[in-house]
Amino acid sequence: MVKSLTIETRTAAETRVVGELLGRLAQGGQVLALSGDLGAGKTTFVQGMAVGLGVLSRVTSPTFVLVNDYAAGRNLHLVHVDTYRLGDRIGDILDEAATFGLDDFLDDAAAVVAIEWAERIEPLLPADSLRVEIDPAADAPDTRVIRLTATGPQSERLLAAVVEHSASLPRPESAG
Ligand code: ADP
Ligand code: MG
């Protein structure tokens, strides 16, 4: 079973294509835990997911509202969380996450949940999530290395589906 896959993109549009494939293949209840520095391309990736999920409205960064909930196709919805503005202390983070109902979103079988800065709420993440780490490549300013890692069976199935559809990915690098 493939547990991780690395994809390189050279433009924001290519990162959207990767997100779009994930959105197209994701099942309800799937959590995607995104990490990567400011400007890495997390929101860009989620915008692609929205296309793949059939979200009709424009996806903007939820940095100031913590969470946006979009109606999607297949009776699903896309929940876009950005923990960047949550408190710095883990106690504050847990309180604030509870205030906006993170648990309910994570338990919602009809939700595909994409969390930016997921590492900040690590203790709240479900055991089964697809980790999406986006890092700039050292050599080229617009190149990003996207590493997908599955931490449980649902995410492994999603990753396997991505591998199956890898012909529609820009430059698949390596699966392991
Ligand atoms: P984050 O949400 O991680 O802070 P954003 O998606 O908001 O990042 O911004 C990423 C920025 O980097 C955008 O301005 C985008 O156009 C640019 N960019 C350049 N190359 C890429 C790439 N290969 N993938 C994603 N974004 C890229
Ligand atoms: Mg962002």
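Colleague: Is E119 buried, partly exposed or exposed?

Modeller: Please keep in mind that this is a predicted model. The general idea is that a residue counts as buried under 20% relative accessible area and as exposed over 50%, with partly exposed in between. E119 has a relative accessible area of 38%, so it is partly exposed. As for its place in the chain, E119 lies in the loop between strand 5, residues 111–116, and strand 6, residues 130–136.

Colleague: Which residues gather with E119 in a patch of negative charge on the surface?

Modeller: The residues that gather there with E119 are D37, E133 and D135.

Colleague: How should I read a salt bridge, and how many does the structure hold?

Modeller: The general idea is a side-chain nitrogen of Lys or Arg within 4 Å of a carboxyl oxygen of Asp or Glu. The structure holds two salt bridges. One of them joins K3 and E156, whose closest N and O atoms are 2.7 Å apart. This pair links distant parts of the chain, since K3 sits in the segment before strand 1 (4–9) and E156 in helix 5 (residues 153–164), 153 residues apart. K3 counts as partly exposed at 42% relative accessibility, whereas E156 counts as buried at 14%. In the other salt bridge, the side chains of R131 and E122 meet at 3.1 Å, N to O. R131 is partly exposed, with a relative accessible area of 22%, and E122 also counts as partly exposed, at 37%.

Colleague: In which sense do strand 3 and strand 4 pair, and over how many bridges?

Modeller: Strand 3, residues 67–71, and strand 4, residues 77–82, pair in the antiparallel sense over five bridges.

Colleague: What is the phi of R74, and what is the phi of N75?

Modeller: The general idea is that most residues other than glycine have a negative phi. R74 is not a glycine, and yet it has a positive phi of about 55 degrees. N75, likewise a residue other than glycine, has a positive phi near 60 degrees. R74 lies in the loop between strand 3 and strand 4, and N75 lies in that loop too. With a relative accessible area of 46%, R74 is partly exposed, whereas N75, at 76%, is exposed.

Methods:
Residues numbered from 1 in each chain as written. Chains lettered and ligands numbered in written order. Predicted model: local features only at pLDDT ≥ 70, side-chain atom pairs only at ≥ 80, totals over all residues. Heavy atoms only, no water. Patch = residues over 30% accessible without salt bridge, like charges linked within 9 Å, V, L, I, M, F, W, Y side chains within 5 Å. Areas by Shrake-Rupley, 256 points an atom, 1.4 Å probe, with all protein chains shown as cover. Lys, Arg positive; Asp, Glu negative; His and termini not counted. Charge placed at Lys NZ, Arg CZ, Asp CG, Glu CD. Helix = DSSP H or I, 4+ residues; strand = E, 2+ residues; numbered from the N terminus. Buried < 20%, exposed > 50% of the residue type's maximum accessible area, 1.4 Å probe, protein only. Pairing = 2+ DSSP bridges.
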